[in-house]
Amino acid sequence: MERERVFVVVIGTDQKGIIARVSTLLFEHGANIEDVQQKVMDGTFVMTMLADVSGCKVGLSGLRQGLEEVGAAMGLTVMVHNESVVKAMHRV
Amino acid sequence: MTISVEEAYETAGMILFHNFDIRAVTLGVNLKDLAHPDHLRLAEACRRRLADLGGRLVREAGEVSEALGLPIVNKRLSITPAAWLIEPCPEERAPLYLAQALDQAASEAGVDFIGGFGALVHKAATAADRRLMESLPQALGQTSRLCGFLNLASTAAGMNLDAIARLGHILKDMAAAAPLGIACAKFVAFANAPEDNPFMAGAFHGAGEGDCALNVGISGPGVVRAVVAQHPDCDLTTLSDIIRRTVFKITRAGEMVGRELARRLGVAFGVVDISLAPTTMVGDSVGRILEAMGLERVGAPGTTAALALLIDAVKRGGAMASGHVGGLSGTFIPVSEDLAMIEAVECGALTLEKLEAMTAVCSVGLDMFAVPGDTPPHALAALIADELAIGMVGNKTTGVRVIPAPGLKAGQAVDFGGLLGRAPVMALNPFSGEKFIARGGRLPAPVGALRN
């Protein structure tokens, strides 16, 4: 199967359980987390997870919906971008 | 090299905070093979092909948007110039049957607009061209998704003043054909019209195109405004560099969407149109970019220079990012669709004459502006001739999308709502060019066109 990776970008206020809840959901949907980074930028907490979603059981739309629900419950914004798009924008 | 958290956040932030999106994916469709003397058969064959292809476009665009995580706002179709399709039809009303069929196809497919109901008459008009021109008020007044165009001048051929003079009258009828003169918002008069433009109202699938081509219009005025605002004091060379780098990023995203969508549809990828296209959403404004550069208001002295810098930087970044940049690839400066432009007109900073000067350095022309409803046909024609002369002599595209607002005078406003926005009615110079327009004939091509 062709490998498909996405960046999960979580934006909002730092709080307990962000990594735990996002990574749990990714695990439950069959995604494999390959990298995690986090930083506070301009007073905003930002976390990115690079995840291999090739084996994702609910498809990308199902995964995105689940992540958005987790984010909404914690007052966070969650965006999911295909790795190829982010790479194309930031690498020549 | 791995993507940093800052870079991933920048991409997310462009969409979240600065209205970055893929503004239009437009599937150009050849219909020449469907031309037929029976106008009903022609109309039905066009409807069937376009409803099928348009439906696929909408479905696949949704899937690409989901897969890549990039919003695709508008899905559109453009067709072979309609005047060519009705050439064999003896029926006088053939253009109207075709217009209804095209609108029906767009509705069935769920595409936002369908462009190409037009003709290329920059040198002279055929009988079919003239029939199509005369049908424009009814065709655009009685449909909701159909867009029309006329190419009335080119650098190589000169300018068809006879057609422009006639268009002055047609525009008056068009303004009366639907409430608020909205049919005029779906029509563009061009010089040097591009054959692969994905943006409405002027999109069509030109003579040099294949059976199908997928063209993409990206947009990111909000993204550019944000980076300009983050650098309030740098010099203009540095500012150009900052804009260039930003446009590179958004163009790469647009190119990726276009190629992936074309692959899924099994059609050729055409071009990325790198035009900055504003909307009436707060922050999504080209005028605000110019103001962030240091202008008190759009229209102030310095505006044309600021716009020249902006569009040059956009082209530098876009050309680096995509192998096929095409369409208009300028900067849209519509009045009604850009909050800063609306405000500038209302506070007296931006006049029609200054707007015309601005179009000399950006490729898109006088766009979405209203003039008093009692503007005579010859004044509309003269206004169009002036703007197209800029394109003809400058060897570039210019267009005019003017709304003679029914019953309104300068200082009032016509509110279309939605994407078309609100157009303050702009005052026209009261002195007449009627005799000049009445001379008719063909304005010779500029001597600069002799390049061979």
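Phe7(A) stands opposite His81(A), a residue of strand E4 of chain A. In this predicted model, the two strands concerned, E1(A) (residues 5-12) and E4(A), run antiparallel and are joined by 6 bridges.

The contact between the two chains was examined next. On the side of chain B, 27 residues are in contact with 27 residues of chain A. The size of an interface is often given as the accessible area lost when the parts come together. For chain B and chain A this buried area is about 2,600 Å², and carbon and sulfur atoms account for 68% of it. Within chain B, the residues that lose the most area to chain A are Ile3(B), Val5(B) and Tyr9(B), which together give 25% of what that side buries.

Polar and charged interactions also link the chains. There are 3 salt bridges between chain B and chain A. A salt bridge is formed by the side chains of Glu6(B) and Lys39(A), with an N to O distance of 2.2 Å. Residue pairs in polar contact between chain B and chain A, both at pLDDT 80 or more, number 13. Three helices of chain B, namely H1 (5-18), H2 (39-68) and H8 (236-265), each supply at least two residues of the side that touches chain A. Of the elements of chain B, H1(B) gives the most to this side, with 11 residues. By class, the side of chain B that touches chain A comprises 17 nonpolar, 4 polar and 6 charged residues.

Several backbone features of chain B were also noted. Most residues other than glycine have a negative phi, and most peptide bonds are trans. Against this background, the peptide bond joining Met200(B) and Ala201(B) is cis, with an omega of about 15°. Ala201(B) is placed in the loop between strand E6 (187-191) and strand E7 (212-219) of chain B.

Positive phi values occur at two residues described here. Ser329(B) is not a glycine, yet its phi is positive, at about 45°. This serine is found in the loop that lies between helix H10 (303-321) and helix H11 (339-346) of chain B. Ser329(B) counts as buried because its relative accessibility is 9%, under the 20% cut-off. Met368(B), likewise not a glycine, has a positive phi of about 50°. Met368(B) is buried, with a relative accessible area of 0%.

A further buried position in chain B is Asp284(B), for which the relative accessible area is 0%. Asp284(B) lies in the loop between strand E8 (268-273) and helix H9 (286-293) of chain B. The side chain of Asp284(B) makes a polar contact of 2.8 Å with the side chain of Thr279(B). When residues up to four places away in sequence are not counted, Asp284(B) touches His18(B), Asn19(B), Arg23(B), Pro221(B), Gly222(B), Ala277(B), Pro278(B) and Thr279(B).

Terms used. Residues are numbered from 1 along each chain as its sequence is written. Chains are lettered from A and ligands numbered from 1 in the order in which they are written. This is a predicted model: local features need pLDDT of at least 70, side-chain atom pairs count only at pLDDT 80 or more; totals for chains, interfaces and linings use all residues. Side-chain values use heavy atoms; hydrogens and water are left out. Contact means heavy atoms within 4.5 Å. Buried area is the accessible area (1.4 Å probe) that two parts lose on being put together, summed over both. A salt bridge is a side-chain nitrogen of Lys or Arg within 4 Å of a carboxyl oxygen of Asp or Glu. A polar contact is a pair of N or O atoms within 3.5 Å; within protein, one must be able to donate a hydrogen and the other to accept it, and residues adjacent in sequence count only if both atoms are side-chain atoms. Helices (H or I, at least four residues) and strands (E, at least two) are DSSP runs, numbered from the N terminus. Ala, Val, Leu, Ile, Met, Phe, Trp, Tyr, Cys and Pro count as nonpolar, Asp, Glu, Lys and Arg as charged, and the others, Gly among them, as polar. Two strands pair if DSSP finds at least two bridges between them. Buried means under 20% relative accessible area, exposed over 50%, partly exposed in between (1.4 Å probe, protein chains only).
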